[in-house]
Amino acid sequence: MTIVKCRYCHKEIDKDTAYSPAKGRYYCNEEHYLKHEGKKQKDRENYMNIKYGKKTPIQNAESDRLVEYLQNTIGEINEPMIRKQITKLINSGHTYKGIELTVDYIIKIKLLTIEPKYGIIYLVEKYYNETKGYWIKKQRIKKSVGGHIFDSKTNVVVVKKRNDKIKGKLKTEEF
Ligand SMILES: [Zn+2]
């Protein structure tokens with residue numbers, strides 16, 4: 001019996017019973033072959049997106065929600081342009097939640113007007129890290145104030161504090 005490795009899951013398998021779509025290529029079964037092909041295709045797409053920038057804008061539930069938020073916040077937006085800008089921001093490491101919080105910060109804290117004809121990319125790139133810093137600080141203050149106010153030794157408060165901590169952590173990672 002000859003032992004080969006599945007290219008997808010790297011399990012050691014019997015060459016004679018392995019699924020082999022081509023000479024020298026072995027998989028546990030057809031499913032692992034298809035999964036491996038899918039993963040390769042995805043890796044290639046991600047690589048192309050990072051290297052060349054995605055040609056067609058991302059369209060998914062999260063981007064739709066962000067577009068809707070921007071429409072409600074900024075007003076008459078140029079949707080195709082905004083979608084391209086969102087895609088560019090996402091491909092350069094920003095998050096949907098982070099973009100939303102930054103737009104909120106630009107309008108409510110910096111008191112700036114976002115011109116619909118220019119969209120969001122310039123201001124979001126400019127204020128993204130500042131918003132992140134502001135937001136994390138705000139979360140910390142909230143937590144410490146909460147701890148101060150509820151400085152009791154009852155179990156309920158302990159549970160609440162722990163939940164806040166987890167929530168804060170999750171939100172911080174959204175950026
Ligand atoms: Zn396998």
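**A walk from helix 2 into the cores**

Start by selecting helix 2, residues 61-74: its 14 residues reach 20 Å from first C-alpha to last, close to the 20 Å expected at 1.5 Å a residue (the expected span is 1.5 Å times one less than the number of residues). Helices here are DSSP runs of H or I with at least four residues, strands are E runs of at least two, and both are numbered from the N terminus. Keep in mind that this is a predicted model, where local features need pLDDT of at least 70, side-chain atom pairs count only at pLDDT 80 or more, and totals for chains, interfaces and linings use all residues. Residue numbers start from 1 along each chain as its sequence is written.

Step just past helix 2 to Gly 75, which takes a positive phi of about 105°.

Now zoom out. The chain has six helices and four strands, running β-β-β-β-α-α-α-α-α-α from the N terminus.

Next, select Leu 70, Ile 86, Ile 99, Val 103, Ile 120 and Val 124, the residues with the most contacts inside the largest nonpolar core, which has 15 residues. Helix 2, helix 3 (79-91), helix 4 (96-108) and helix 5 (121-149) each give two or more residues to this core. A core is a set of buried Ala, Val, Leu, Ile, Met, Phe, Trp, Tyr and Cys residues joined through C-beta atoms within 7 Å; buried means 20 or more other C-beta atoms within 10 Å of the residue's own, with C-beta atoms placed from the backbone.

For a second, separate core of six residues, pick Tyr 8, Ile 13, Tyr 26 and Tyr 33, which are among them.

Technical notes. A residue is buried if 20 or more other C-beta atoms lie within 10 Å of its own, exposed if 12 or fewer, and partly exposed in between; C-beta atoms are placed from the backbone.
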